[in-house]
Amino acid sequence: MKTIKKPFILDVETKQLPSILKPLVTEEYRVNQIIEWLYLKKASSFEQFTNIPKDIRGNLESSFVLRTFSNVKKDESILDGTIRYTFKTYDSHYIYAVYLPSDNKKTVCISTQIGCPISCKFCLSGKTKFFRNLSRGEILEQIMHIENDIGGRISGVLFMGMGEPMLNYQNVTSVINTIISKKEMNIGKRHITVSSMGIIPAIKNLANEMHGVRFALSLHATDDKQRKKIIPNNFDSKISDLLQACKYYLKKTNSKLTIEYVLLKDFNDTSSDAHRLARLLKTADLIQPSVQVNLIPYNETKNKEYKNTTQIALLTFKKILKLNGITVNIREAKGLDIGAACGQLGTNNLS
Ligand code: SAH
């Protein structure tokens with residue numbers, strides 16, 4: 001396996017930078033200038049650090065790498081301007097990130113793992129063999145690369161690409177710290193969403209440590225047996241316990257919660273499912289303005305086992321939830337023509 005010969009500077013937590021840089025840079029203001037180049041200005045080479053003396057730049061260059069991805073492939077949707085980026089990692093795996101432009105926002109959806117060990121039955125990323133967690137730097141590099149490429153500040157980050165973010169907890173939370181830090185990327189907490197199939201201790205830790213990023217639970221089912229069929233590696237968490245953990249999250253953070261629900265034809269899209277979901281949310285005391293259910297039409301993948309719901313079932317489902325006082329939204333799929341929509345990010349569709 002190939003390794004990076006020099007340390008990757010984005011892997012280093014900012015609080016550790018002064019000691020790591022010590023042999024090269026001693027003055028605090030210089031360290032701060034470097035932090036600014038790395039995270040705020042998102043320089044892609046040490047040469048661009050123009051307010052740093054040339055000899056220090058040279059030393060940085062010979063001691064660290066600043067980018068690790070190669071062979072970047074870019075696919076742009078003609079439907080909605082979504083861009084899917086394919087990055088080749090230093091050890092020759094492909095990972096994906098998606099740029100989602102809208103009228104007033106520039107959002108990126110990033111990956112946290114190579115492949116995904118959860119293996120949700122309906123998801124293409126889940127069908128992709130799991131290799132390893134992405135490092136802190138590799139997660140950040142996706143955002144940096146996209147910002148450099150589009151030439152404008154990214155305003156929001158979704159941890160909704162390939163992988164289960166809560167299984168790469170340490171790196172993901174370290175990245176969140178850098179994204180929200182005023183001195184580093186300076187993006188507001190409320191513009192960050194972590195999506196997870198739900199690992200109860202991790203949800204609680206996130207609630208305790210990260211006051212305020214948004215949390216999205218990929219629920220997709222209304223009873224435990226049904227959920228196990230599509231999410232076999234669900235750590236045997238009961239839906240009721242997951243919802244309690246979400247309740248804890250809300251209480252602790254004062255943030256917003258999204259319940260994600262992919263509608264699979266004749267599997268979880270019936271009126272009884274909608275009523276059961278409403279009851280579950282009611283029992284967990286989660287029918288409140290800070291909770292929203294996102295109904296996600298299924299983006300069909302090569303997996304023929306599951307089909308998208310029908311329009312009538314989708315609207316009926318929505319109506320039942322609404323009548324129960326639940327805030328509900330139908331998620332519009334983005335980048336369908338380039339395989340960039342939810343669940344379509346798998347390593348085996350690289351052309
Ligand atoms: N592992 C995390 C984040 C990645 S998936 C999680 O489970 O939340 C992001 C969202 O897309 C999840 O809700 C996931 O269940 C959903 N998804 C996966 N495959 C999909 C597909 N083919 N169509 C629509 N949504 C899908």
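Domain bounds here come from an automatic or database domain assignment. With that in mind, this predicted model splits into domain 1, residues 9-63, and domain 2, residues 70-349. Where they touch, domain 1 puts in twelve residues and domain 2 puts in 17 residues.

How much area is buried between domain 1 and domain 2? It comes to about 1,200 Å², with carbon and sulfur atoms giving 55% of that. On the domain 1 side, look for Leu-10, Tyr-39 and Lys-42: these lose the most area to domain 2, and together they make up 48% of what that side buries.

Now over to the ligand. It has 21 residues around it, and the closest are Gly-163, Ser-195, Ser-218, His-220 and Asn-299. Sorted by class, that shell holds ten nonpolar, nine polar and two charged residues.

Ser-218 uses an N or O atom of its side chain, 2.6 Å from an oxygen atom of the ligand. Ser-196 comes in through its backbone instead, with a polar atom there 3.3 Å from a ligand oxygen. Then there's Glu-260, where a polar side-chain atom lies 3.5 Å from an oxygen atom of the ligand. As for cover, the ligand taken alone exposes 530 Å², and the protein buries 96% of that. The elements giving two or more residues to the shell are strand E8 (192-196), strand E10 (257-263) and strand E11 (291-297).

Conventions
Residues are numbered from 1 along each chain as its sequence is written. This is a predicted model: local features need pLDDT of at least 70, side-chain atom pairs count only at pLDDT 80 or more; totals for chains, interfaces and linings use all residues. Side-chain values use heavy atoms; hydrogens and water are left out. A residue is near a molecule or strand if one of its heavy atoms lies within 4 Å of it. A polar contact is a pair of N or O atoms within 3.5 Å; within protein, one must be able to donate a hydrogen and the other to accept it, and residues adjacent in sequence count only if both atoms are side-chain atoms. Accessible areas come from the Shrake-Rupley method with a 1.4 Å probe; for residues, only the protein chains shown count as cover. Helices (H or I, at least four residues) and strands (E, at least two) are DSSP runs, numbered from the N terminus. Ala, Val, Leu, Ile, Met, Phe, Trp, Tyr, Cys and Pro count as nonpolar, Asp, Glu, Lys and Arg as charged, and the others, Gly among them, as polar. Contact means heavy atoms within 4.5 Å. Buried area is the accessible area (1.4 Å probe) that two parts lose on being put together, summed over both.
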